There are 2 protein chains.
Amino acid sequence: MSALDFEIIAQDPASNARRGRLKTPHGVIETPAFVAVGTQATVKGIAPAELARLGIQVLIANTYHLHLRPGEELIAELGGLHRFMGWPGPIMTDSGGFQVFSLGAGLEQGVGKVASIFPEENPRGGHLKAARPGHSLVKIDEEGVSFRSHLDGSPQRFTPEGVIEMQRALGADIILALDECTSPLHDYEYTRRALERTHRWAERALRHFQETEPQARQTQALYGIVQGGAYEDLRRESARFITAHEFDGFAIGGSLGSSKAQMHQVLDWTVPLLPSEKPRHLLGIGAIPDIFQIVRRGIDTFDCVIPTRLGRMGHLLVCRPPNYRINITNACFRRDARPIAPDCDCYTCQNFSRAYLHHLFGAKELLALRLATVHNLRTLAKLMVQIRRAISEGELEELQRAWSA
Amino acid sequence: MSALDFEIIAQDPASNARRGRLKTPHGVIETPAFVAVGTQATVKGIAPAELARLGIQVLIANTYHLHLRPGEELIAELGGLHRFMGWPGPIMTDSGGFQVFSLGAGLEQGVGKVASIFPEENPRGGHLKAARPGHSLVKIDEEGVSFRSHLDGSPQRFTPEGVIEMQRALGADIILALDECTSPLHDYEYTRRALERTHRWAERALRHFQETEPQARQTQALYGIVQGGAYEDLRRESARFITAHEFDGFAIGGSLGSSKAQMHQVLDWTVPLLPSEKPRHLLGIGAIPDIFQIVRRGIDTFDCVIPTRLGRMGHLLVCRPPNYRINITNACFRRDARPIAPDCDCYTCQNFSRAYLHHLFGAKELLALRLATVHNLRTLAKLMVQIRRAISEGELEELQRAWSA
């Protein structure tokens, strides 16, 4: 009945990490997998043919952004998102809940995914601005959420049913139910009320998905989203509630607290309550040190703007803790004839020196952004290959140690 | 003795167009050829591997820009321009004369290549700003030219000998002698004096090139530049003077008047005086209607920013006079499911609709610039293939008619 077929093919003996194979209508995703962010129906600066060569298996686009521009009807008319953006592989679409949060509490309180400790990790949007107290563009009611477009100020309305329809028009393989993302600055009471509403929305989204156009369930899978902020009882309650419904998979969303430790806790409370036979997605996390943590906790897929956004800022990923990156714009790279990473097989490392990249960034040349993004995406794709192999061979801990040394 | 070997393999019976094969130390250029502009050691947004796939045979980089940043010594230290920018094929470097002109008379008078009739055709630089009368950053004397860097205002000095040394350090296959570009607003007397100085500089450049490091002449070719503004006697005098010297090829530079008709005249006066056995380059011209005109007048290679710069503005080349372009940002393309050009084999046309490109430009997405540039470069590269074939088959006139209908 589901559009997905998920098979677990190896289990790490020392953690909850698992290796799997997620069959979607547009191809197989070997898991654990990094999902590249293509918010506006493009991974910034990278052509689809290149993504495939980099080892990227699946993209996530954004319902909020695509609804506002160019509109899901236009994309449907042009054959759906895969054809529109020229990417034949698996696609997810995010429900827009996080973007609406960004316009509301996020904008008001100046916070992103894990409070604002990791500013570069404000994911799933890109338009989260500095705090503007009292400046919420969003009104949430029982039926849905009203907000104004960040593009032209036009009034917009998202409901759980409407967002399913939008995502049907877009045609991604995996779609997400509309949720309300709370902020770490929201108190327990607000978070509880918001969670209960998110659960009612999840039921409405699922009912709409199941009862209208039932044949569409062959070509699209619907994930439910576990919310509950950084509150243990709410996260557990949410995991129990959402998994009691017939979703095709589960995502963990919303605020993951205000520290990496809290993020790990949220996963420790939540993931064990998710059914092991269904795929699990973590929304908006993917720094290199985090990847080992989340994979060990049993996450199958995750999306993150880090490799693409950092790349465009000149931060190039390397296997060197604690930051796992070099800032290529630093003067020390001006005469550096070496590639970014000596063992990297990406087009950038195979053809260009750090000095050339330093020059391109200094000259504000377009090719800088592209070559940096190519390297960062390839680095994540290769890390995931290593992780999958390590899980099969029971060597995940060794791999993690090698990346931490 | 020359680093070049130029062979003419066909001659159009109805014009001065000729088809040739220009062997350089880094590969063969089939002529007539379009030379893609890579001012700062990169064709904006396009990776070298992609350029080769597009059918681009040769690039032109800029001595002025590369001297200021990152400096020719750094590029030499990193193995020269070919290795630095990862392009294994033929490269030309422009001498910097035009850029210095842009900072001087060009900046003062607000004029570019063909006065300012075709604003998009201000080539060979990209930093030509609006007119700022009295605001010349340049002082020319008999020995050379002093100016201030447009990057940091630092004092700079170019001499004919120094520019040869810079270009040796860069290591392009074809290098150009330092010239003074006059403006169409300069009077006859100034233009004559400037031309005589340019001729003395040309002799100094050639002498320096021949007498120092004679072995370098195996790996680099030096072109002399014909100047003389839009004055018939000066152009003819310059062509006679420059061709009386042992340059490996000849470029036509400077102001080409203030109309297309004047540009054609300049070529009609000049090209017949160039020795037929040596290659001829036209600096900074390359709009589609111009290409037929210049090829018919016997030009072998030409460089122009038009396809790349127009692409980044959303102007996509198509075979449709008089403009040979569509502006993809126009609302009429919002729902247009067709490729840019139905018969185009480029990656962009093979994979994406006009509607998708319209979306990418509207969303200010990086991929827009790249997909547009890919199409425009491929369009020029294919046009040149057609032109070369038509010359061989005596059908250049028919081809021109087909492109004008």
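Predicted model: local features only at pLDDT ≥ 70, side-chain atom pairs only at ≥ 80, totals over all residues.
**Stop 1: chain A as a whole**

The chain has 15 helices and 17 strands. Its C-alpha trace spans about 60 × 50 × 45 Å along the principal axes. How does the radius of gyration of chain A fit a compact globule? For 405 residues such a globule would have a value near 22 Å, and chain A has 20 Å, which agrees.

Now colour chain A by burial. Of its 405 residues, 57% are buried. Among the contacts in chain A with a separation of 6 or more, 69% are between residues 24 or more positions apart.

**Stop 2: two domains in chain A**

Colour residues 5-304 of chain A in one colour and residues 315-404 in another. These ranges are domain 1 and domain 2 of chain A. Their centres, taken over C-alpha atoms, are separated by 27 Å.

Next look at where the two domains touch. Domain 1 of chain A puts 26 residues in contact with 23 residues of domain 2 of chain A. On the domain 1 side, two or more residues come from each of strand E2 (18-24), strand E4 (33-37), helix H1 (48-54) and helix H10 (288-296) of chain A. H10(A) gives six residues, the largest share of the side of domain 1 that touches domain 2. By class, that side of domain 1 of chain A has 16 nonpolar, three polar and seven charged residues.

**Stop 3**

Start with strand E9 (residues 145-148) and show its side chains. In a regular strand the side chains alternate between the two faces of the sheet. Which residues of E9(A) are on the covered face, and which on the uncovered one? Val145(A) and Phe147(A) are on the covered face, while Ser146(A) and Arg148(A) are on the uncovered face.

Strand E8 (residues 138-140) of chain A pairs with E9(A) in the antiparallel sense, over three bridges. To find the pairing on screen, pick Val138(A), which stands opposite Phe147(A) in E9(A). The two strands E8(A) and E9(A) are joined by a hairpin through four residues.

Within the loop between E8 and E9 of chain A, select Glu142(A). Is Glu142(A) buried or exposed? Glu142(A) counts as exposed because it has 7 C-beta neighbours inside 10 Å, and the cut-off for exposed is 12 or fewer. Glu142(A) and Arg197(A) are 55 residues apart along the chain, but their C-alpha atoms are separated by 6.8 Å.

Continue to strand E10 (residues 155-158) of chain A, which runs antiparallel to E9(A) and is joined to E9(A) by four bridges. Here Arg148(A) has Pro155(A) in E10(A) as its bridge partner. The hairpin of E9(A) and E10(A) has six residues between the strands, and in this hairpin Gly153(A) takes a positive phi near 75°.

**Stop 4: strand E15 of chain B**

Move to chain B and select strand E15 (residues 301-304). Thr301(B) and Asp303(B) are on one side of E15(B), and Phe302(B) and Cys304(B) are on the other. These four residues are all buried, and both faces of the strand are covered.

Strand E4 (residues 33-37) of chain B pairs with E15(B) in the parallel sense over four bridges, and Val35(B) stands opposite Asp303(B). Strand E14 (residues 280-282) of chain B also pairs with E15(B) in the parallel sense, over two bridges. In that pair, Leu282(B) has Phe302(B) as its bridge partner.

**Stop 5: the two chains together**

Show both chains. The same surface serves both copies, as 100% of the contact residues of chain B recur in chain A.

Select the residues where the chains touch. The contact takes 32 residues from chain B and 32 residues from chain A. On chain B, helices H3 (72-77), H4 (81-85), H12 (347-351), H13 (354-362) and H14 (366-392) each supply at least two residues. H13(B) gives the largest share, five residues. The side of chain B that touches chain A has 18 nonpolar, eight polar and six charged residues.

Conventions:
Residues numbered from 1 in each chain as written. Chains lettered and ligands numbered in written order. Contact = placed C-beta atoms within 7 Å. Nonpolar A, V, L, I, M, F, W, Y, C, P; charged D, E, K, R; others polar. Buried ≥ 20, exposed ≤ 12 C-beta atoms within 10 Å, placed from the backbone. Pairing = 2+ DSSP bridges. Domains from an automatic or database assignment. Rg over C-alpha atoms; globule rule 2.2 N^0.38 Å.
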